[in-house]
Amino acid sequence: MRRRLTGLLPALAAGTALLLGACSGGGDEPGPGSAEATGSAAGSAGVPASVALPTADGVGDGDPLRVGVLLTLRSEPGQGQDVVAAAEGATVAAYRLRLGGGDVELEVVDDGGTAAGAEAAVEQLVASDVAGIVAATRGDHLDEALEAATSAGTAVLLPYEREADLPVGAFATGPDAASVDRVLLEAMQADGLSRPFVLTADDVELDVGSADAAGVGADLDATVERVAEAYDAGRVDSVLVAAAASTQARVVAALQGAAPAAPVVLSPEALSPAFAGGLAEASGTTAGAYLTAGTDAGDATTLSQGARAEGVSAFFAALRLAAGDPGITDLFGDAAFAQVAADADTASHDAVVALAAAAQAAGSVEPGDVLSALSGLQVGPDDGLAGPALDFGSDRALPPASVVALRATGQDPGVRPAVDAAGGGGSGGSAGGRLFWFANDTTG
């Protein structure tokens with residue numbers, strides 16, 4: 001499946017009009033893109049950060065910047081399906097780059113969640129001469145595909161993969177496994193938790209020690225009964241669930257009935273909107289004390305002050321503008337973007353922006369030039385990132401210090417557009433509920 005998105009003049013006009021409305025000082029009601037209308041903090045001076053990103057303006061001597069986006073529409077748990085809705089952040093990035101004058105196209109291909117499908121999808125993207133690829137999926141089905149792309153001289157950015165040994169030319173832009181382990185261990189110690197019952201599935205692992213452990217098998221009721229018995233007897237003091245988001249949701253929903261008082265720690269897969277949606281499907285509740293690890297670049301970040309809050313607020317301002325434009329569709333071109341905007345995240349957005357920054361640095365949209373410029377490049381808020389700065393001096397571009405403990409709340413900061421009841425929450429999204437994650441300082 002392939003979708004090419006090109007610049008839209010109506011979107012530029014609509015974005016300009018809404019931004020002017022948001023910044024006006026008259027007595028009219030706040031515009032839909034304004035901080036006042038959403039209750040978000042858009043910057044320390046009260047002025048929204050710029051939505052338009054000029055990074056891709058004029059980099060290809062008239063040729064568009066074409067970014068490949070590799071997605072997994074359907075898969076086994078742990079092979080990418082859970083992040084397909086979050087990957088709509090790539091749509092927001094392309095929208096912002098076009099507002100800044102860039103000619104940007106997204107070439108979107110579904111890899112089917114299999115090794116053969118991923119390799120074929122990458123071959124298709126390489127043959128279409130994309131400047132670089134954002135692999136907005138995860139799992140070991142990507143291994144051979146990454147080798148194929150980088151061997152062809154095409155850079156690959158992975159915002160959601162933390163376990164893989166990456167070939168030269170592939171870069172993880174999300175948290176690495178060691179940083180996640182460290183942050184969760186520190187946060188658990190701060191909470192006085194040292195004896196977790198660790199439940200694993202879908203080849204997802206965390207290394208924080210355990211007082212007991214089990215795999216999540218077919219008999220989930222028996223597994224959670226064992227957890228409840230250990231917790232009631234005082235042999236364990238918490239439950240850690242390392243699994244794909246959909247599996248985590250089933251486990252947590254079952255734990256809510258068997259061991260409702262047990263603190264729950266989750267692998268970062270829980271950051272996917274599929275976790276909250278899965279809880280609703282399993283008749284669970286999003287109410288609860290959940291702990292995980294990730295970056296401070298979500299809805300709740302807009303309520304703070306400083307450059308990070310400004311960058312994240314600009315992302316959500318662009319998201320609202322794009323959702324209000326009927327000409328903007330989802331990545332697959334199957335629905336209006338407004339129907340999936342509730343699930344778009346900053347991780348996929350920042351991967352697209354980083355490739356645009358590399359193209360700008362290269363002065364070229366040729367894949368080899370972009371890869372050469374990307375290696376060693378530092379990309380930050382000035383380039384339009386919503387999340388932490390990225391350093392492409394290694395294959396782990398996100399600095400370990402940018403990984404923090406995150407807690408969940410059901411309280412909506414109000415920075416996303418409301419989802420049309422008829423439209424649902426998008427493919428794999430959170431129509432049945434949502435969690436919002438905020439940074440938790442465990443340093444004392």
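Which loop does Asp 165 lie in? Select it: Asp 165 lies between strand E4 (155-158) and strand E5 (170-172). Bear in mind that this is a predicted model. Asp 165 counts as exposed, because its relative accessibility is 79% and the cut-off for exposed is over 50%.

Next, select residues 89-99. This is helix H3, and it is mostly covered: eleven of its eleven residues are buried. Among them are Arg 96 and Arg 98, as well as Tyr 95 and Leu 97. Step just past H3 to Gly 101, which takes a positive phi of about 100°.

Move on to Thr 301. Its loop runs between strand E10 (290-294) and helix H10 (307-323). Is Thr 301 buried or exposed? Thr 301 is buried, because its relative accessible area is 3%, and buried means under 20%. Show the side chain of Thr 301: one of its polar atoms lies 3.0 Å from the backbone nitrogen of Gly 298.

Last stop: Asp 412. Look in the loop between strand E13 (404-409) and strand E14 (436-440). Asp 412 is partly exposed, at 48% relative accessible area. A polar atom of the Asp 412 side chain lies 2.8 Å from the backbone nitrogen of Gly 414. Now pick Phe 436, 24 residues from Asp 412 along the chain. The C-alpha atoms of Asp 412 and Phe 436 are separated by 6.8 Å.

Key. Residues are numbered from 1 along each chain as its sequence is written. This is a predicted model: local features need pLDDT of at least 70, side-chain atom pairs count only at pLDDT 80 or more; totals for chains, interfaces and linings use all residues. Side-chain values use heavy atoms; hydrogens and water are left out. Helices (H or I, at least four residues) and strands (E, at least two) are DSSP runs, numbered from the N terminus. Buried means under 20% relative accessible area, exposed over 50%, partly exposed in between (1.4 Å probe, protein chains only). A polar contact is a pair of N or O atoms within 3.5 Å; within protein, one must be able to donate a hydrogen and the other to accept it, and residues adjacent in sequence count only if both atoms are side-chain atoms.
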